[in-house]
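Student: Can we go through this structure together? I'd like to ask things as they come up.

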Amino acid sequence: MTAIEFSDASLKFPGSSRWAVDQVNCEIERGKLVVILGPSGCGKTTLLKMVNRLYEPSAGTILVNGQDIRRVKATELRQQIGYVIQQSGLFPHMTVAQNIGVVPRLLGWEKPRTQARVDELLNLVALPPEDFRDRYPAQLSGGQQQRVGVARALAGDPQVILMDEPFGAIDAITRTALQDEILRLQQQLQKTILFVSHDVEEALRLADRILILRAGQVVQYDTPFNILTRPANPFVYELMGADDMVRQLGLLRVETAMTDAPPDYRHTEAEPTIARHDSLREALSLILRTGARQLTVLENDIAVGILTLEHIRDSASVGVGA
Amino acid sequence: MGYIFNNLDEVWELLLQHMQMTLITLAIAVLLALPLSLLIYRYRWLNVPILGALGVFYTIPSLALIILFVPLLGLNAQSVIAAMVLYTQVILVRNLVVGLQAIPPAVMEAARGMGMTSWQRWWQVQVPLILPVFLAGLRLSAVVAIAIATIGAKFGAGGLGTLLFDGIAQAGRYDKIWAGAITVSVLAFAFNGALLTLQWAVNPTRKLYKSKGKVRQHLASATES
Ligand SMILES: Nc1ncnc2c1ncn2[C@@H]1O[C@H](COP(=O)(O)OP(=O)(O)OP(=O)(O)O)[C@@H](O)[C@H]1O
Ligand SMILES: [Mg+2]
């Protein structure tokens, strides 16, 4: 099912001669995490804000959960869509609990329900409620503020969540932890997340699909693997920094390169194994270390695929000639 | 001091007049400053012309400003109040605008993005955040208004200025002059103190350091309800 659908969505700011967003067509499947990636000023934020009507398209339509967003009252639409921004935007005069409770309050929830929800969400983003409920944003670190920002966006239990460089201003180590958190949350909650980033590694780590924008136009919309291995043009190739092979391999998951195990496949105990979510770099390292011809890919102790050196080489080299 | 106790009724009457003038002034001034500030907040280019004009009024001596209104409103409290309103505008508008502009854009964007109406954004986000700065402006305005209201006696507006001017006219009645001066000062101190306390109580960052004394907790809960 499609959660968000752009049809010829375009936007030109008043007084500007060029389109900030230019005829974007794309469907975002329910439960997927899509990263909008592109250089500064290419229209990522603008495209994102069109979804919750912070900007109104000059032309084209946008459907959210099958409904034309122009037919929904802007405030109601926004209450149904989570929104996380870079500088957290937490209300400084409200406690953490009050911040998270804003949308439930707008939705008219009863107090006990809101309070229970706040504690549930604080646990979800790994901030113990007893410790954090009554703090003010100024008493939180940057990373903790973003966690609260994420919890706040989830409060009304929206299906769709928009995130605009939520971890852009966070140090590298904390950012990685927060990215893991997002991956875990998405797996657990099956939300549709539209995530703006200008960080290639972040996009590769998080995305089910990457939407590459250039000057307001979609250049490529595909899985991270395909974008790396089959870039649509030299711009994408450059953007992805596709010539740093080892780094690329570190970012690609085994599952993207393996072939599925045949139904009658039996792996011998001696053969080295690797998990499907591990990186190709780990796989390569394992092959070099053990000298094995192929690796068996496991998921929950069941063989789901086979990975050979050729697979890895194909993943790494396809993009080079582009 | 003796004069005050011997003529408690009269002083009390004048004090009430003085306070009435001040409060009416502040009420009108706030009602005028709010839309003006929101206009400037919305259309930034209005900042210089509006605050510039209000600043010019501020440089006119208060006596002259009152006289300007006499042909329009007559020789009474209305002229005095009109002048005082104009006088306090620059303080109130500037503080409100500064307060509004100091709210981080990300906070307002989050408020909009979460689906608050403009009314909800105003009451739930903007008002609590500008309250401390606004109250600081109101405090200054109150003190200015109390001072100018003293001159009102010359224009038939009554108030504690009556004691001062009577004292000067009836050469040598220093007791009256002292009574007037002391009462005006006490009034100004009282307003200042009250608003300062309020300002402190609503400051959101103050709550960061609460949970020491009972009074603080009491004030904190009072402002939250
Ligand atoms: N409110 C606005 N009014 C006029 N032009 C704007 C406005 N917001 C953005 N633009 C222009 O539209 C284009 C796209 O801007 P946008 O903010 O969407 O870029 P972005 O991809 O998010 O960039 P960044 O990575 O720097 O955040 C830019 O050329 C920008 O100058
Ligand atoms: Mg942006």
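Student: What pattern does chain B follow along the sequence?
Tutor: This is a predicted model, so keep that in mind. Read along the sequence, chain B runs α-α-α-α-α-α-α-α-α-α. That is ten helices and zero strands.

Student: How much of chain B is buried?
Tutor: Of its 225 residues, 45% count as buried. Chain B exposes about 11,400 Å². Carbon and sulfur atoms supply 69% of that area.

Student: And what share of the contacts in chain B join residues at least 24 apart?
Tutor: Take the contacts between residues at least 6 apart in sequence. Of these, 69% join residues at least 24 apart.

Student: Which residues make the nonpolar surface patch?
Tutor: L39(B), Y43(B) and W45(B) make the patch, which covers about 360 Å².

Student: Where does W45(B) lie?
Tutor: In the loop between α2 (8-42) and α3 (47-59) of chain B.

Student: Why does W45(B) count as exposed?
Tutor: Because its relative accessible area is 62%, and exposed means over 50%.

Student: Switching to chain A. Is T46(A) buried or exposed?
Tutor: Buried, because its relative accessibility is 9% and the cut-off is under 20%. T46(A) sits in helix α1 (residues 44-51) of chain A.

Student: What does T46(A) touch?
Tutor: Leave out residues up to four places away in sequence. Then T46(A) touches L11(A), F13(A), A20(A), V21(A) and Y55(A).

Student: What about E76(A), where is that found?
Tutor: In helix α2 (residues 74-79) of chain A. E76(A) counts as partly exposed, at 38% relative accessibility. E76(A) and F91(A) are 15 residues apart in sequence. In space they are 20 Å apart, C-alpha to C-alpha.

Student: Now the sheet. What is the order of its six strands?
Tutor: The order is β6-β7-β8-β3-β9-β10 in chain A. It is an open sheet with mixed pairing.

Student: Which are the edge strands?
Tutor: β6 (81-84) and β10 (217-222) of chain A, as each pairs on one side only. Neighbouring strands of this sheet are turned by 15 degrees against each other on average, direction ignored.

Student: What holds strands together in general?
Tutor: Strands of a sheet pair through backbone hydrogen bonds, either parallel or antiparallel.

Student: In which sense do β9 and β10(A) pair?
Tutor: Antiparallel, over five bridges. Strand β9 covers residues 209-214 of chain A. R214(A) stands opposite Q217(A) in β10(A).

Student: New topic. How many salt bridges are there over all chains?
Tutor: A search of the whole structure finds 17. One of the pairs is D180(A) with R205(A), whose closest N and O atoms are 2.4 Å apart. D180(A) is in helix α8 (residues 172-189) and R205(A) in helix α9 (residues 200-206), both of chain A. The pair links distant parts of the chain, 25 residues apart.

Student: How accessible are D180(A) and R205(A)?
Tutor: Both are partly exposed: D180(A) at 37% and R205(A) at 24%.

Student: Which side chains meet E255(A) in salt bridges?
Tutor: R253(A) does, at 3.3 Å, N to O. R276(A) does too, at 3.0 Å. R276(A) lies in the loop between β12 (273-275) and α14 (280-290) of chain A, and E255(A) in helix α13 (residues 254-257), so this pair ties together parts 21 residues apart in sequence.

Student: Which residues are linked in a network of salt bridges?
Tutor: R117(A), E120(A), D157(A) and K191(A).

How values were computed. Residues numbered from 1 in each chain as written. Chains lettered and ligands numbered in written order. Predicted model: local features only at pLDDT ≥ 70, side-chain atom pairs only at ≥ 80, totals over all residues. Heavy atoms only, no water. Patch = residues over 30% accessible without salt bridge, like charges linked within 9 Å, V, L, I, M, F, W, Y side chains within 5 Å. Areas by Shrake-Rupley, 256 points an atom, 1.4 Å probe, with all protein chains shown as cover. Salt bridge = Lys/Arg side-chain N within 4 Å of Asp/Glu carboxyl O. Helix = DSSP H or I, 4+ residues; strand = E, 2+ residues; numbered from the N terminus. Buried < 20%, exposed > 50% of the residue type's maximum accessible area, 1.4 Å probe, protein only. Contact = heavy atoms within 4.5 Å. Pairing = 2+ DSSP bridges. Axes fitted to C-alpha atoms, helices over the stretch in contact; angles between N-to-C directions.
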